[in-house]
Amino acid sequence: AGPRTKPKALNAALPFVRGRYVAIFDAEDRPEPQQLRIALSAFESASEAGDPRLACVQARLTIDNTRDNWITRLFTAEYAALFDVFLPGIAAWRMPLTLGGTSNHFHTPTLRGLGGWDPYNVTEDADLGMRLAKRGFRTAIVDSTTYEEANSDLMNWYKQRSRWIKG
């Protein structure tokens, strides 16, 4: 019943999370081997510094099939601008971050306190980033990369966008 969305699935799984931290990855993603340790270290460093407001750690996303065609090069440029320039700049100013939707590492009690994800929001990651900030929490960017493959077929990309826009 209700929406058949990624945020709804994440909310269905949230009650089963047992750890103090939870990480979200898309199925096709390949995070760097040390990413979980790097994220944990960021949380521990904030805690040791007396900063209980760190609620989320976002790793950088990058496209690994850039050379396939012009579509994948466009995805690569977009991801590089967002994850290598825009988000780190926003984080340095301690401003609210719109999360990338994958390679997010959360403090589980804080995530639960926010009520998880909005199952009706197709930009659930950006929404959650703003809700974290609104409640006084912050997100940090860590120096770790998650690799993913960009869609290289124009019609396939268009059909994905059409389904997304129509709901």
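Where is the place of Thr102 in this chain? Thr102 sits in the loop between α3 and β4, and in these names helices (H or I, at least four residues) and strands (E, at least two) are DSSP runs, numbered from the N terminus.

Before I go on, please keep in mind that this is a predicted model, in which local features need pLDDT of at least 70 and side-chain atom pairs count only at pLDDT 80 or more, while totals for chains, interfaces and linings use all residues. Residues are numbered from 1 along each chain as its sequence is written, and side-chain values use heavy atoms, with hydrogens and water left out.

Let me begin with helix α3, which runs over residues 70–92. At 1.5 Å a residue its 23 residues should span 33 Å, and the end C-alpha atoms are 32 Å apart, which agrees; the expected span here is 1.5 Å times one less than the number of residues.

At the N-terminal end, Asn69 caps α3, with a side-chain oxygen 3.0 Å from the backbone nitrogen of Ile71. The buried residues of α3 include Ile71, Thr72, Phe75, Tyr79 and Phe83; buried means under 20% relative accessible area, exposed over 50%, and partly exposed in between (1.4 Å probe, protein chains only). An α-helix has 3.6 residues a turn, so residues three or four places apart point the same way.

Thr72 counts as buried because its relative accessibility is 0%. A polar atom of the Thr72 side chain lies 2.9 Å from the backbone oxygen of Thr66, and a polar atom of that side chain lies 2.8 Å from the backbone oxygen of Asn69.

I turn now to the loop that follows. Just after α3, Arg94 takes a positive phi of about 60°, and Arg94 counts as exposed because its relative accessibility is 56%. Ser103 is in the loop between α3 and β4 and has a phi near 60°, a positive value in a residue other than glycine, but Ser103 is buried, with a relative accessible area of 0%. The side chain of Ser103 is joined to that of Thr146 by a polar contact of 2.4 Å, a polar contact being a pair of N or O atoms within 3.5 Å; within protein, one must be able to donate a hydrogen and the other to accept it, and residues adjacent in sequence count only if both atoms are side-chain atoms. Thr146 belongs to strand β5 (residues 138–148) and, at 0% relative accessibility, counts as buried.

Thr102, with which I opened, counts as buried at 1% relative accessibility. Its C-alpha atom is separated by 9.3 Å from that of Arg60, 42 residues apart along the chain.

A search of the whole structure finds 1 cavity of 30 Å³ or more, a cavity being a set of points on a 1 Å grid over the protein atoms alone where a 1.4 Å probe fits but cannot get out, with lining residues having an atom within 4 Å of a point. The largest cavity has a volume of about 60 Å³, a volume being the space filled by probe spheres set on the points. Among its lining residues are Lys6, Ile24, Phe106 and Trp117, and the largest share of the lining, 3 residues, comes from α5.

Notes. On a 1 Å grid over the protein atoms alone, a cavity is a set of points where a 1.4 Å probe fits but cannot get out, and a pocket is an open set with protein on both sides within 12 Å along at least five of seven lines; lining residues have an atom within 4 Å of a point.
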